[in-house]
Amino acid sequence: MNHGFSRADIGRMVEQQNVRYLRLQFTDLLGVIKNVEVPISQLHKALDNKIMFDGSSIEGFVRIEESDMYLYPDLNTWLVFPWGSEHGKVARLICDIYMPDGKPFSGDPRGILKQTVTQAQAMGYSRFNVGPEPEFFLFKLDEQGNPTTQVNDNGSYFDLAPVDLGENCRREIVLVLEEMGFEIEASHHEVAIGQHEIDFKYTDAVTAADNIMTFKLVVKTVARQHGLHATFMPKPLFGINGSGMHCHQSLFRGEKNAFFDEKDELGLSQDARHYLAGILAHARGFAAVTNPTVNSYKRLVPGYEAPCYIAWSAKNRSPLVRVPASRGLSTRIELRNPDPTCNPYLALSAMLASGLDGIRRQLPLADPINRNIYVLNEIERERAGIPSLPADLKEALDELIQDSVLREALGVHALTHFVEAKLIEWDMYRTSVSEWERDQYLSTY
């Protein structure tokens, strides 16, 4: 989706498509889209990086006394939303965030990812490619328009209509995305009832993170038009599979995939092996970033196809990292623990920093685990040297704070505010009394 638009191109498209409003978008630390909407008459001011906003009103950005921030739109992200009103269409530009002194804001998630990509380039890698696979649930709305947990179908993996009533909604999501320039690779019903997955073509990391944010917005908007609520919550229902966002990733040198080596028995280069070793070494550290909610850890439990053990395999799907069968340009690793509540800019930054650390230190890669890890007991797992991912958000945050590579990748500002916000979330969860507790204890004691 990297179009390389100029100001003149954008001016022309505004005229042709009757664009009346411009949304200047960015993502806060917790992965929520924020936008400043201006009438199209402000376009030139926006393109001159002159639009300001109050950073103190955004979660984890800055304090009141240093609140002025500037939005620097990335012209390549120009996009006109296919839906509009009788008053004309709305376009958007994704922005980087700068301080009044003209320096990039160190707590801007998109800026953090760009910095990590720059480090990869300094090591001789031209591109960090990512192919995300976000899953989501479609639930019915009640009479008041509030989301329920009633699914709208009884479909299962790869099912077709008429069982899958979400089919029409999903089909329209795909059409809208394609109209917006996405290359959709696959779209299907997932394992759980009401669950769907749409995979888009891999691209460079910053574009991939932009795409994930745009994707979430489109999915929610189109679902609403179908009278449904789309949620990216990792585990909305007990007893059925949760929603993940597997991330396929590879590094390129020029036009060559740096992960491919035809002489290796698995077709994996030394770079790929060291990168993968880095991912495994830092998996406990980056879990808080790739799985950032209390609910994330309800998905990462045995029995529902989600990984909870730190191992890799080219054969089975129970470990944290799978190496898909394709080779040549398509050689890649697939990290399976991230979920779609993560901030994609921070999550991809954490993954890349971990992999690059493995390459820098030439970490040796443990042997693949080609057995089903779920059937091993704890002693067998320990003997095989297979650690677990953190069991909850608090454990994950403790691991993140101790990981110096990730601390450096995220930077002091983002890390401090992220951990602060997440500890508040953990504390609220820890001290609230759940329905489960009342069911267990109210009448017994």
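I started with Asp74, which forms a salt bridge with Arg110, the closest N and O atoms being 2.8 Å apart. A salt bridge here is a side-chain nitrogen of Lys or Arg within 4 Å of a carboxyl oxygen of Asp or Glu. Asp74 sits in the loop between β4 (68-73) and β5 (79-85) and Arg110 in helix α3 (residues 109-122), so the pair ties together parts 36 residues apart in sequence. Helices (H or I, at least four residues) and strands (E, at least two) are DSSP runs, numbered from the N terminus.

This is a predicted model: local features need pLDDT of at least 70, side-chain atom pairs count only at pLDDT 80 or more, and totals for chains, interfaces and linings use all residues. Residues are numbered from 1 along each chain as its sequence is written, and side-chain values use heavy atoms, with hydrogens and water left out.

Next I checked burial (buried means under 20% relative accessible area, exposed over 50%, partly exposed in between; 1.4 Å probe, protein chains only). Asp74 is buried at 18%. Arg110 is buried at 3%.

I then looked up Arg284, which forms a salt bridge with Glu399, the closest N and O atoms being 2.9 Å apart. Arg284 is in helix α6 (residues 270-290) and Glu399 in helix α10 (residues 393-402), so this pair ties together parts 115 residues apart in sequence. Arg284 is partly exposed at 21%, and Glu399 is partly exposed at 24%. I also found a network: salt bridges that share partners join Asp74, Asp96, Arg110, Lys114 and Asp210. The count comes to 17 salt bridges.

I turned to the nonpolar cores (sets of buried Ala, Val, Leu, Ile, Met, Phe, Trp, Tyr and Cys residues joined through side-chain atoms within 4.5 Å). The largest has 90 residues, and those with the most contacts inside it include Phe136, Ile173 and Leu251. A second, separate core of 27 residues includes Leu47, Met69, Trp78 and Phe105.

Gly227 follows α5, with a positive phi near 70°.

Asn18 has one of about 55°, in the loop between α1 (7-16) and β1 (19-27). Asn18 is partly exposed at 42%. Gln362 has a positive phi of about 50°, in the loop between α8 (344-360) and α9 (378-383). Gln362 is exposed at 56%.
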